[in-house]
Amino acid sequence: IMLSGLGCTGTENSLFSCSFSNNVIGLTNCSHSQDAGVACSTTCSTGSVRLVNGSTISQGRVEVCYDNTWGTICGDTWTINEAVVVCNGLGYYGSNFGSQIVYFGQGIGMILLSGVTCNGNEASL
């Protein structure tokens, strides 16, 4: 267990920005029966991005939200550059895979974006 006694206000960008017991990482009296968990909000708000149908939370078909509706992105120009922007925007570091084919299954609903082109250093799609 790395952190214990966390004191967050909810405005921090990282758990390491919160206060924690002893202010020493790894020094704790906790056991794994006290491991923390979360259920994050999946509210659809315009501009939100999510990954769907992957075998882990860090992979999947890219979906975007527009006007309270989730939709897909046409992969006609999709490259590793766009994949890096999505992964970085979701809090991951880079990407080692970007696919133009239906690798993670077909979506339902509208195709909201097509012809997306990034150079890899944008903050979001």
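Strands S1 and S2 pair in the antiparallel sense, with five bridges between them. They belong to an open sheet of four strands, ordered S1-S2-S3-S4, in which the pairing is mixed. The model you are looking at is a predicted one. Welcome to the chain: it holds one helix and four strands, and from the N terminus on its elements run β-β-β-α-β.

**The sheet, strand by strand**

- A hairpin leads from S1 to S2 through six residues.
- Within this pair of strands, Val52 stands opposite Arg61 in S2.
- S2 and S3 also run antiparallel, and four bridges join them.
- One place to look is Tyr66, whose bridge partner in S3 is Thr69.
- The hairpin of S2 and S3 has two residues between the strands, and in this hairpin Asp67 takes a positive phi near 55 degrees.
- S3 (residues 69-73) and S4 run parallel, joined by two bridges.

**What is covered, and by what**

- In the chain of 125 residues, buried residues make up 24%.
- S2 is mostly covered, with six of its seven residues buried.
- The chain exposes about 8600 Å², and carbon and sulfur atoms supply 53% of that area.
- Taking contacts between residues at least 6 apart in sequence, 47% join residues at least 24 apart.

**A close look at Thr72**

- Thr72 has its place in strand S3, and its bridge partner in S4 is Ile111.
- Thr72 counts as buried because its relative accessible area is 9%, which is under the 20% cut-off.
- Beyond its neighbours within four places in sequence, Thr72 is in contact with Arg61, Val62, Glu63, Gly107, Met110, Ile111, Leu112 and Leu113.

**The salt bridges**

- A search of the whole structure turns up two salt bridges.
- In one of them, the side chains of Glu63 and Arg50 meet at 2.7 Å, N to O.
- This pair links distant parts of the chain, with Glu63 in strand S2 (residues 60-66) and Arg50 in strand S1, 13 residues apart.
- Arg61 also forms a salt bridge with Glu63, and here the closest N and O atoms are 3.0 Å apart.
- Arg50, at 30% relative accessibility, counts as partly exposed, because partly exposed covers values between the 20% limit for buried and the 50% limit for exposed.

**Helix H1 and its ends**

- Which residues of helix H1 (residues 80-89) are buried? They are Glu82, Ala83, Val84, Val85, Val86 and Cys87.
- The cover over these buried residues of H1 includes S1 and S2.
- Thr79 caps the N-terminal end of H1, with a side-chain oxygen 3.1 Å from the backbone nitrogen of Asn81.
- Gly89 also has its place in helix H1. Is Gly89 buried or exposed? Gly89 is exposed, with a relative accessible area of 52%.
- Gly89 and Glu122 lie 33 residues apart in sequence, and their C-alpha atoms are 8.9 Å apart in space.
- Just after H1, Gly91 takes a positive phi of about 95 degrees.

Conventions. Residues numbered from 1 in each chain as written. Predicted model: local features only at pLDDT ≥ 70, side-chain atom pairs only at ≥ 80, totals over all residues. Heavy atoms only, no water. Pairing = 2+ DSSP bridges. Salt bridge = Lys/Arg side-chain N within 4 Å of Asp/Glu carboxyl O. Buried < 20%, exposed > 50% of the residue type's maximum accessible area, 1.4 Å probe, protein only. Contact = heavy atoms within 4.5 Å. Polar contact = N/O pair within 3.5 Å; in protein donor to acceptor, adjacent residues only side chain to side chain. Areas by Shrake-Rupley, 256 points an atom, 1.4 Å probe, with all protein chains shown as cover.
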